[in-house]
Amino acid sequence: MVKQTQEKQIEQAIALLQQALEVDERRNDAEGKAEKLHQLALLKANQGKIDEAIALYEQCQKIYERIGDTEGIATILYQVATLKANQGHFKDAIRLFERSLKLAKSIGDEETQAQTLHSLAMIKANQGQVKDAIALCQQSIRLKESINDIQGKAATLHQLAILKANQGEVKNAIALFQESLSLKESVNDLQGKSATLHCLAVIYAHHGQLEAASDLYQQSLEIKEGIGDIEGKAATLHQLGELYKQLGRIEEAIDFYQQSLELKEQSDDIEGKATTMGMLGQLLATQGDFTTALVYLRQTLEIFEQIQSPNAKTVKEIIYELRRMQPN
């Protein structure tokens, strides 16, 4: 119901903007037209209509080029690059981000520079160029400090911490996560705070500090419940299931996995749903409930085969072993 209401509001906003755009065209108001095209593109992207959004951004860019609005061009290039990156078109995204960065530098637009450096860092990390990604994050942080962008700095510190953790620099990663957490608390960024608590919990759990990890997960979960972050809540409940499994508290682990699964069934995260069902099935089997375990595992296998996941082979082997163990 909430999603339908939001979609209806977006459609109404699009209709109003299109009417306003016609007025700007009749008046030959280039700046007004560019502004409406920009807003329409944002709404289309929000709807998931990426190709339409890009086309609108490109129309907007042409107007900015005609009227000499360098800041506007840099912003549009950044936004199109972000959409291209989300589509997996990394070469195009890098090219557009670099153009945006060059223009932003030419006019001293530090905010766009900082955002672009952050985004470039994420692409470099995705491509395995971790050293380059770290350097770009550090440049972004320095710029965000200079313009007092606390929330932006916190977000980049969070990403830098992930990169450091993946390199095995655990102490550095924890310190960066904690700095990010402190900044997020100072600006009441609850979504960001919950994400950082979750990541800290993952590190502590990985290094055997299970009680500390549990406390952090619970803090993250409480925030996510308060802000209605269903997807984030599902992810944290899954991690709590994994944690309690390690603690040997199987019944509690099963309960966490079941709660996570209920939430994932409300979303489009079919791979996440399959992963949770697979874990739940394996735990139920250890409790002797082979019938329910096999139901979950067969559903897991069906999804993994559908999305061509390499995990399908492992699930097949588990199913075969459970059938062999199942009492006649």
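**Entry: Thr112**

I began with Thr112, which lies in helix 6, residues 110-126. The model is a predicted one, and I keep that in mind throughout. Is Thr112 buried or exposed? Its relative accessible area is 6%, and buried means under 20%, so Thr112 is buried. Next I looked up its contacts, leaving aside neighbours within four places in sequence. Thr112 is in contact with Ala74, Thr75, Ser100 and Ala104. I also checked Thr112 against Thr196. The two are 84 residues apart in sequence, and their C-alpha atoms are 24 Å apart in space.

**Entry: the chain as a whole**

How many helices and strands does the chain have? I found 16 helices and zero strands. Along its principal axes, the C-alpha trace spans about 80 × 45 × 35 Å. The chain has 328 residues, and 44% of them count as buried. I then took contacts between residues at least 6 apart in sequence. Of these, 48% join residues at least 24 apart. For charges, I noted 36 positive and 46 negative. Their mean positions are 5 Å apart.

**Entry: helix 11**

I turned to helix 11, residues 210-227.

I listed the buried residues of helix 11. They are Leu210, Ala213, Ser214, Leu216, Tyr217, Ser220, Leu221, Ile223 and Lys224. I recalled a rule for reading such a list. An α-helix has 3.6 residues a turn, so residues three or four places apart point the same way. Which helices do the buried residues of helix 11 pack against? They pack against helix 10 (190-206) and helix 12. After helix 11 comes Gly228. The phi of Gly228 is positive, near 70°.

**Entry: Ser214**

I picked Ser214 from helix 11. Its relative accessibility is 6%, so Ser214 counts as buried. What does Ser214 touch, leaving aside neighbours within four places in sequence? I found Leu240, Leu243 and Tyr244 in contact with Ser214.

**Entry: Tyr244 and its ring partner**

Tyr244 made me look up aromatic pairs. A search of the whole structure finds two. In one of them, Tyr244 and Phe256 form a tilted pair. The ring centres are 5.1 Å apart, and the planes are at 55° to each other. Where do the two residues sit? Tyr244 is in helix 12 (residues 230-246) and Phe256 is in helix 13 (residues 250-264). They are twelve residues apart, and the pair links distant parts of the chain. I checked burial for both. Tyr244 counts as buried because its relative accessibility is 8%. Phe256 counts as buried too, at 11%.

**Entry: Lys316**

My last stop was Lys316, in helix 16 (residues 311-325). Lys316 has a relative accessible area of 46%, so it is partly exposed. Which residues does Lys316 touch, not counting those up to four places away in sequence? I noted Leu301 and Glu305. I also looked at Lys316 and Arg298, which are 18 residues apart along the chain. Their C-alpha atoms are separated by 8.4 Å.

How values were computed. Residues are numbered from 1 along each chain as its sequence is written. This is a predicted model: local features need pLDDT of at least 70, side-chain atom pairs count only at pLDDT 80 or more; totals for chains, interfaces and linings use all residues. Side-chain values use heavy atoms; hydrogens and water are left out. Helices (H or I, at least four residues) and strands (E, at least two) are DSSP runs, numbered from the N terminus. Buried means under 20% relative accessible area, exposed over 50%, partly exposed in between (1.4 Å probe, protein chains only). Contact means heavy atoms within 4.5 Å. Rings of Phe, Tyr and Trp (its six-membered ring) pair if their centres lie within 6.5 Å; planes under 30 degrees apart count as stacked, over 60 as edge-to-face and the rest as tilted. Lys and Arg count as positive and Asp and Glu as negative; His and the chain ends are not counted. The place of a charge is taken as NZ of Lys, CZ of Arg, CG of Asp or CD of Glu.
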